[in-house]
Amino acid sequence: AFNHPSLSDPLPTFREVRPVSPWTFGATAMDRAIDPRPARRKRQLLFGGGALLALLGALLWSSAFTTRRVSVEAAKVTVGSVQAGLFKEFIPVTGTVQPIQTVYLDALEGGTVKHRFVEDGMHVKAGEPIIELSNPQLHMDAINREAQLLDQQNNLRTTRLAMDQQTTRLRDELLNIEKELKRLERESVVDERLLRDSLLALHTFRSNREQLEYMREKRRLLAANVRSDSLFRQSQMGSITSSLELIDQNLRFLRENLQNLVIRAPIDGQLSGLNVELGQTRQRGERIAQIDVLEHFKVRARIPEHYVSRVSIGLLGTFTAAGAEHTIEVFKVYPEVSNGEFDVDLRFTGERPGDIRRGQTFQVRLQLSEDMQAVMLPRGPFFQDTGGQWVYVVDAAGRAVKRAVKLGRQNPDMYEVLEGLEPGDRVVTSRYAAFNDADELVIQ
């Protein structure tokens, strides 16, 4: 039995009828109301969850069994062919022609420009004067210093003369004593005979003998003094001689220092950078000019510091001038790194260009290793997007598919292919950023 809800109730009400036992027939049954909303909500949640799981499963299934393709116009991509050939590992550098030797002229002493003997750009010979400086203070200091040195020189010479005189006096005294000793020894022999004949008093004999012993002792003492004086003189004479030689060197240096006021050319060459005027003051150590040896030239190049461990003396390079290829080699490497680069000097190994000039620049291909056979892929901006880990390989149908590769060395034109590609493969070498990492490209 059902109790129908009234129009005023918000939800229908159900009545539960309890079964009547046959033994209690006629008894009154009691009714209880049931709310249908929890069951309806449970059915809705179960249905929504199942639908969501089905949707996620469909998405996973479609992503696992479908390929992401991107259509691209053929005019917007660049395709390169893999080829086998001789791989040349080189780096391009800019070389500047410079004289094989350059000597800089600095002012060894400061002063005012007194004379200018040559003009800038002229060819000068070794020893030829270029400019003369005037420095009165330097002249006065040199005169005072020279006077002091000459005074020291005179004192040393006086000391040496006194030592010579002392040695001469001692030797003269030794000669006199030896002469007197010989006389006394002769008289002693005579005295002994006279004493035996009782012709000489005993007192006189003893007095003469004492005088003889005294002269012998004096001779031994004077001989020891002569030996000591000789040893002392030898040691002192060596020191005095060295001091005199040093004073002579200082005197020569003073005179040469005055000659430094005249700046001369140390080698033959072309004078450049001379910018001095009469009456102009130049400080000590200031650059005056330079002399370039133009009979031979070298090429100075700057190389990124990334290659500092691979560049050594003997590496070869080539450049093209006047339609001909010329070879040069590294003969000097400068270890100093500035602004991320270091310098090297290269010289010509064969015939140099006939019209070469100082300051001229060339594009030099500096070879880092020996040429060898390899599989090569043309360079392209794709490397910036993939790091050389994978590429798009184009098949005969015009589709480009991802393929993992391994690249090795490189030069400005080619990459060395180690794995993943074979000669004849066609690879997209343009940028990959616009393809959104697609699995396949359809080239139209």
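Biologist: At what angle do the axes of helix α2 and helix α3 cross?

Modeller: Two packed helices are described by the angle between their axes and the distance between the axes. Here α2 (residues 136-196) and α3 (residues 202-259) cross at roughly 165 degrees, and their axes come within 7 Å; axes are lines fitted to C-alpha atoms, for helices over the stretch in contact, with angles from 0 to 180 degrees between N-to-C directions. Helices are DSSP runs of H or I with at least four residues, strands are runs of E with at least two, and both are numbered from the N terminus. The two helices are therefore roughly antiparallel to each other, a term for angles over 145 degrees. Their contact has 27 nonpolar, 14 polar and 20 charged residues, where Ala, Val, Leu, Ile, Met, Phe, Trp, Tyr, Cys and Pro count as nonpolar, Asp, Glu, Lys and Arg as charged, and the others, Gly among them, as polar.

Biologist: What should I know about the source and numbering?

Modeller: This is a predicted model, in which local features need pLDDT of at least 70 and side-chain atom pairs count only at pLDDT 80 or more, while totals for chains, interfaces and linings use all residues. Residues are numbered from 1 along each chain as its sequence is written, and side-chain values use heavy atoms, with hydrogens and water left out.

Biologist: How many bridges join strand β17 to strand β18?

Modeller: Strands pair if DSSP finds at least two bridges between them; β17 (residues 390-394) and β18 (residues 399-404) run antiparallel and are joined by five, with V391 opposite R403 in β18. They form a hairpin with four residues between them, and G398 in the turn has a positive phi of about 90 degrees.

Conventions:
Angles under 35 degrees count as roughly parallel, over 145 as roughly antiparallel, 65 to 115 as roughly perpendicular and the rest as oblique.
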